[in-house]
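Please walk me through this structure. Which parts of it are worth a look, and in what order?

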Amino acid sequence: MTFTAFVPSKAAVQKVPVLYYLSGLTCSPENFITKAGAFAAAEKHGVALIAPDTSPRDVNIEGEDDSYDFGSAAGFYVDATEPKWAKHYNMYSYVVSELPELVEEHLPVIEGSKSIFGHSMGGHGALTIYLKNPGAYQSVSAFSPICNPTDCPWGAKAFSGYLGEDNKEAWRDYDATLLMEKYCGPKTPILIDQGLDDSFLAEQLKPESFKAACNKSGVPLDLRMQEGYDHSYFFISTFIADHVDFHANALIK
């Protein structure tokens, strides 16, 4: 596994908090670092950025490169239980445990001072990881997240392959909407930006389901539906400073 890192100049004199970014389908660790335009805001606040890959690579599993939405670059931030994928495809554990341990050991960051955000599949990952680990992250936000993957084609394909077609209870444990319905952790505000011209909005993303779950659980959600924006990094780069500011407010007291 590989990841990219931005370390602000402030880290030369003191340790800094960390903001983890999870990318979407087809992405590598370079997409966010080269396209999002997040460095200026991270430097301003003195926050490190970490962007991991979206799956293991070249592990020689039959079919790993057959489609854009399953296998390589499509790990879906779950721990696979299907035998074919279970040895290597453990993106949930990697992001939650292995990656922070590596970052905290080798980079000048504050242990345990971290927040998380992501885009599309990575937005799904950020929301579920935050909800499954109450209090472990100071804040969470997302761009165009897959909010209800048990009820969309991308999620059904990924969960069937990694968790088992008939293991629907395991699917529920990686669905942000369903996790939010039973969430009992800190009621920290959540920020989501969603483009209204996103071609995946109705079929794949379903932010309205997540909003209803937040209302049910009493968790504040700022769901900003942005006119004229699609699913691309042009959309992300337009609002990235807002998200870094949002997380810096939670990380820096």
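Ser217 is buried, with a relative accessible area of 11%. Buried means under 20% relative accessible area, exposed means over 50%, and partly exposed lies in between (1.4 Å probe, protein chains only). This is a predicted model, in which local features need pLDDT of at least 70, side-chain atom pairs count only at pLDDT 80 or more, and totals for chains, interfaces and linings use all residues. Residues are numbered from 1 along each chain as its sequence is written, and side-chain values use heavy atoms, with hydrogens and water left out.

Ser217 belongs to helix α10. Helices (H or I, at least four residues) and strands (E, at least two) are DSSP runs, numbered from the N terminus. What does Ser217 touch? Setting aside residues up to four places away in sequence, Ser217 touches Met180, Glu181, Lys182, Tyr183 and Lys187. Contact here means heavy atoms within 4.5 Å.

Now turn to Lys206. It sits in the loop between α9 (201-205) and α10 (207-217). Lys206 is buried too, with a relative accessible area of 13%. Its phi is near 55 degrees, a positive value in a residue other than glycine. Thr26 is not a glycine either, and has a positive phi of about 75 degrees. Look for Thr26 in the loop between β2 (16-22) and α1 (30-35). Most residues other than glycine have a negative phi.

Next comes the nonpolar core. Such a core is a set of buried Ala, Val, Leu, Ile, Met, Phe, Trp, Tyr and Cys residues joined through side-chain atoms within 4.5 Å. The largest one has 57 residues. Phe76, Ile116, Tyr162, Met180 and Phe210 touch the most other members. Helix α4 (residues 91-106) gives the largest share of this core, seven residues. A second, separate core has 23 residues, including Leu19, Ala36, Ala51 and Leu251. In soluble globular proteins, nonpolar side chains tend to be buried together.

Take a closer look at Tyr162. Leaving aside neighbours within four places in sequence, Tyr162 has contacts that include Phe70, Phe76, Trp85 and Tyr89. Glu82 and Thr81 are also among them.

Finish at Gly112. Is Gly112 buried or partly exposed? Gly112 is partly exposed, with a relative accessible area of 33%. This glycine lies in strand β4 (residues 109-119). Beyond neighbours within four places in sequence, Gly112 is in contact with Glu104, Ala136 and Gln138. His88 is 24 residues from Gly112 along the chain, and their C-alpha atoms are separated by 26 Å.
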